[in-house]
Amino acid sequence: MKKLTIYLLMTSIIFFTACESKKEQNTVERWYTQDMSQKGKQLYQNNCASCHGFRGQGIAKKWNEKMENGKYPPPPLNMEAHAWHHPLKALRFTIQNGGKFVGGVMPSFSNTLNTEQTDNVIAHFQDFWNDDYYNEWLKRGGLTK
């Protein structure tokens, strides 16, 4: 009986801990819907992941230092780099026009992704951001037009 009680207690602790940690993820209301993020997932994997990583982690060890060719490598799109410093308008602009104008290597996606698809891709990689980073993005003017 004592073993059963301990087992039930441990199971309850694990269950409630798992539920609590799920609550902490993206509890802040975001500008996009989860449907947008899901639509953006495949677009992201097809167009962005090879350079920015499947979870937005990037592929270069030093994303903020120029490579041998004098260009900057693709930065992480999770919370490790500066994507969360840029407002939605700038994120859209960079995806549509590429990153070459700021010394990067990212091509333009204006002929690949329409406006809705671009927003879906942004929604997907913003899902990599926890609420603290998302709130900081909002405070920095993330939704300014």
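Contact here means that heavy atoms lie within 4.5 Å. Helices are DSSP runs of H or I with at least four residues, numbered from the N terminus. The structure is a predicted model, in which local features need pLDDT of at least 70, side-chain atom pairs count only at pLDDT 80 or more, and totals for chains, interfaces and linings use all residues. Residues are numbered from 1 along each chain as its sequence is written, and side-chain values use heavy atoms, with hydrogens and water left out.

At the start of α5, a side-chain oxygen of N114 comes to within 3.0 Å of the backbone nitrogen of E116.

Burial is described by relative accessible area: buried is under 20%, exposed is over 50%, and partly exposed is in between (1.4 Å probe, protein chains only). In α5, 9 of the 12 residues are buried, so the helix is largely enclosed by the rest of the structure. Among them are V121, I122 and F125. The buried residues of α5 pack against α2 (34–47), α4 (88–97) and α6 (131–139).

The cysteines come next. A search of the whole structure finds 0 disulfides, a disulfide being a pair of cysteine sulfur atoms within 2.5 Å. The sulfur of C48 has its closest cysteine sulfur in C51, 8.6 Å away, which is too far for a bond. C48 is buried, at 11% relative accessible area, whereas C51 is partly exposed, at 35%.

Definitions and conventions
Helix = DSSP H or I, 4+ residues; strand = E, 2+ residues; numbered from the N terminus. Polar contact = N/O pair within 3.5 Å; in protein donor to acceptor, adjacent residues only side chain to side chain.
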